[in-house]
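Please look at the sequence and the structure below.

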Amino acid sequence: QYHNSEARDLWAKLEPKIPSFFEGLNIKPALLHGDLWRGNAAQTDSGPVVFDAGSCYGHSEFDLVILPEFGASARFPPEFYRSYHAIIPKESGFDTRQDLYRLFHYLNHWNHFGSKYRLPSISIMRSLIRK
């Protein structure tokens, strides 16, 4: 289950490319939720709440990728993203880094929840290698 030669071969090609996805950026670590999906966000009478955090410091773009991937679109509508990017504008290479951060979550899910996450993981790796 964990000895996937295709994933290992793709990773060997992808790993050396990763630094190029961050060239020219001055990343200031931000406090991240770390697991911000629809199951970890809600609305109360007092306003929005998030919970079950896997908090860490990292690139501010990281938390944005998991929201639409695991069904949080309704809780985080397009206005959320527009407001977010009005404060923290997208920098060059944003979409590529979103794919890289998406890969992290898919590999994590493949490890924890099984092979249904294998194909998306492989697909993302192939896509990143072509960039």
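Predicted model: local features only at pLDDT ≥ 70, side-chain atom pairs only at ≥ 80, totals over all residues.

Residues are numbered from 1 along each chain as its sequence is written, and side-chain values use heavy atoms, with hydrogens and water left out.

Start with helix α2 (residues 62-69) and helix α4 (residues 94-113), whose axes come within 9 Å and cross at roughly 65°. Helices here are DSSP runs of H or I, at least four residues long, numbered from the N terminus. α2 and α4 are therefore roughly perpendicular to each other, a term for angles of 65 to 115 degrees. In contact (heavy atoms within 4.5 Å), F62, L64, V65, I66 and E69 of α2 meet residues of α4 including F94, Q98 and Y101.

Now turn to helix α5 (residues 118-129), whose axis comes within 9 Å of that of α4, with a crossing of roughly 150°. α4 and α5 are therefore roughly antiparallel to each other, the term for angles over 145 degrees. Among the α4 residues that meet α5 are T96, D99 and W110.

α4 also gives the most to the lining of the largest pocket, with six residues. A pocket is an open set of points on a 1 Å grid where a 1.4 Å probe fits, with protein on both sides within 12 Å along at least five of seven lines; lining residues have an atom within 4 Å of a point. Of the twelve lining residues, D35, W37, N108, H109 and F113 lie nearest the centre of the largest pocket.

Methods
Axes fitted to C-alpha atoms, helices over the stretch in contact; angles between N-to-C directions. Helix = DSSP H or I, 4+ residues; strand = E, 2+ residues; numbered from the N terminus. Parallel < 35°, antiparallel > 145°, perpendicular 65-115°, else oblique.
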